[in-house]
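Student: I would like to learn how to read helices and strands in a model. Where do we start?

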Amino acid sequence: MDKRAHSIDPAEIDDFQGLRTQANAIKKHAIDNLDYYLEQLEQNVIARGGKVIWCRDANEAIQFVATLAKDKGVKRIVKSKSMTTEEIDLNEHIEHTGIDVVETDLGEYILQLAHEKPYHIVAPALHMTRYEVADVFTKNLHIAREEEPEKQTQIARRVLREKFLTAELGITGANFLIADSGAIVLVENEGNARLSSSAPRIQVAIAGLEKVIPRAQDLATFLKVLGRSATGQPLTVYTSFLSGPRRQGEIDGPEEFYLVLIDNGRTRLLADEHKRQSLYCIRCGACLNHCPVYRKIGGHNYPWVYSGPIGAIISPQFHGVTKDPWLPFASSLCGACAEVCPVKIDIPKVLLELRSDITTAKRKEGAGKWERLAFRVFSYVMQRPKLYEMGAAMASAVFPGSQGKWLSSLPSFMLLPPTKNWLSKRDLPPPAERSFRSLWRERERAKGGK
Ligand code: SF4
């Protein structure tokens with residue numbers, strides 16, 4: 001967080017807030033005209049000798065990769081970090097076909113060996129200590145224990161280098177898809193995405209539809225905000241442009257190039273003019289880093305691979321609001337996420353809209369009737385001070401000097417069904433012996449008597 005704050009300081013960069021506004025405008029334009037830019041992208045990828053595969057869901061994408069690998073006699077795949085492939089559980093499915101799939105980002109490689117899911121969308125193994133990494137390497141690579149991070153990196157480098165050289169197929173994600181040139185842009189710090197996309201003879205880039213941006217010149221804005229928001233770097237170490245297979249006369253590049261474009265629920269978001277801004281996300285992770293809830297509960301307590309505030313708004317929209325309906329409510333609405341988001345997604349507002357959608361959906365299912373009744377009674381009483389005072393006096397009289405679990409000691413017929421569940425974990429503070437109003441009156445009387 002400190003590094004981000006330093007990198008966006010006016011002494012470091014001119015008008016960072018202006019760049020955020022610009023990034024938001026470009027994304028809005030791209031998403032509002034998604035059909036146009038996706039077609040343009042497809043034409044340009046094809047013109048460069050690549051193939052575009054449209055996939056409605058995870059299954060279609062997995063089937064495409066599995067069939068391609070089988071048809072081309074692929075025994076090993078090297079992969080760079082990609083949340084889209086995590087989203088569709090690509091590795092697990094491809095491994096079942098007997099093909100060796102190797103994650104080549106250091107954090108992802110550690111997680112693959114440990115059989116864990118990413119904890120953070122930018123730093124997937126953020127939760128692991130170097131001692132835990134040492135355990136994972138020793139157990140899985142059958143090597144002497146090494147606890148120094150630099151040496152652990154060298155170990156991974158040695159193992160992965162051999163995998164790069166023997167893989168027939170490389171899979172990457174895509175940070176941006178440029179419609180007017182058909183180029184796929186990869187942004188990374190380790191160089192493994194560049195190797196995954198250049199060493200194997202077949203290359204597949206897998207991306208969500210929303211990654212498209214209109215023009216190559218728009219990239220300047222996104223590259224300036226992405227690195228700073230993600231890791232506090234002015235620019236990530238490697239920015240690679242993939243533009244189809246090797247052409248005649250070129251000495252390197254893959255023989256075949258495929259761009260897999262995945263919908264998997266994304267177009268559902270387009271129907272809502274306001275909530276569709278959730279598709280602007282460039283996966284920088286800044287909202288996670290600044291979210292008090294994410295920082296407390298960590299990435300593994302979210303129901304899907306996308307965690308933190310962005311996960312809380314896209315998971316219910318991709319999967320339907322009735323699946324994990326608690327998610328948009330698990331927020332304090334402090335607004336820190338919206339303040340740092342480089343593409344200015346109004347996450348708190350989308351959360352509120354989702355809460356409203358969830359409540360409406362639940363109401364249609366007939367749920368929440370006890371809660372509504374309780375709030376009606378509460379509202380009725382709160383609008384009638386005399387009634388409230390009578391109730392408070394009665395509670396104090398019935399439970400004089402009560403302590404601890406007083407409410408849960410009431411006979412169960414006096415409690416509404418949801419209250420019973422609530423009381424199994426907690427209780428209300430016992431009623432005060434004297435109400436604030438009666439203490440106040442007494443005080444005023446005493447003052448008047450002086
Ligand atoms: S919602 Fe914004 S801050 Fe969060 S990951 Fe996406 S771009 Fe970054």
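Tutor: With strand pairing: two strands pair if DSSP finds at least two bridges between them. This is a predicted model. Here, T172 stands opposite A205 in β7.

Student: How many bridges join β4 to β7?

Tutor: Four bridges join strand β4 (residues 169-172) to β7, and the two run parallel. β7 is also joined to β10, by seven bridges, again in parallel. In that pairing, A207 has L261 of β10 as its bridge partner.

Student: Which way do the residues of β7 point?

Tutor: In a regular strand the side chains alternate between the two faces of the sheet. In β7, I202, V204, I206 and G208 point one way, while Q203, A205 and A207 point the other way. Seven of the seven residues of β7 (residues 202-208) are buried.

Student: Now a helix. Which residues of α3 are buried?

Tutor: An α-helix has 3.6 residues a turn, so residues three or four places apart point the same way. In α3 (residues 34-47), the residues Y37, L41, N44 and V45 are buried. They lie on the same side of α3 because they cover an arc of only 100 degrees around the axis. On the other side of α3, D35, E39 and A47 are exposed.

Student: What covers the buried residues of α3?

Tutor: The cover includes α2 (16-32), β1 (51-55), β5 (176-178), β8 (212-213) and β10 (256-262).

Student: What follows α3?

Tutor: G49 follows α3, and its phi is positive, near 95 degrees.

Technical notes
Residues are numbered from 1 along each chain as its sequence is written. This is a predicted model: local features need pLDDT of at least 70, side-chain atom pairs count only at pLDDT 80 or more; totals for chains, interfaces and linings use all residues. The expected span of a helix is 1.5 Å times one less than its number of residues. A residue is buried if 20 or more other C-beta atoms lie within 10 Å of its own, exposed if 12 or fewer, and partly exposed in between; C-beta atoms are placed from the backbone. The arc is that of the directions from the helix axis to the C-beta atoms. Two residues are in contact if their C-beta atoms, placed from the backbone, lie within 7 Å.
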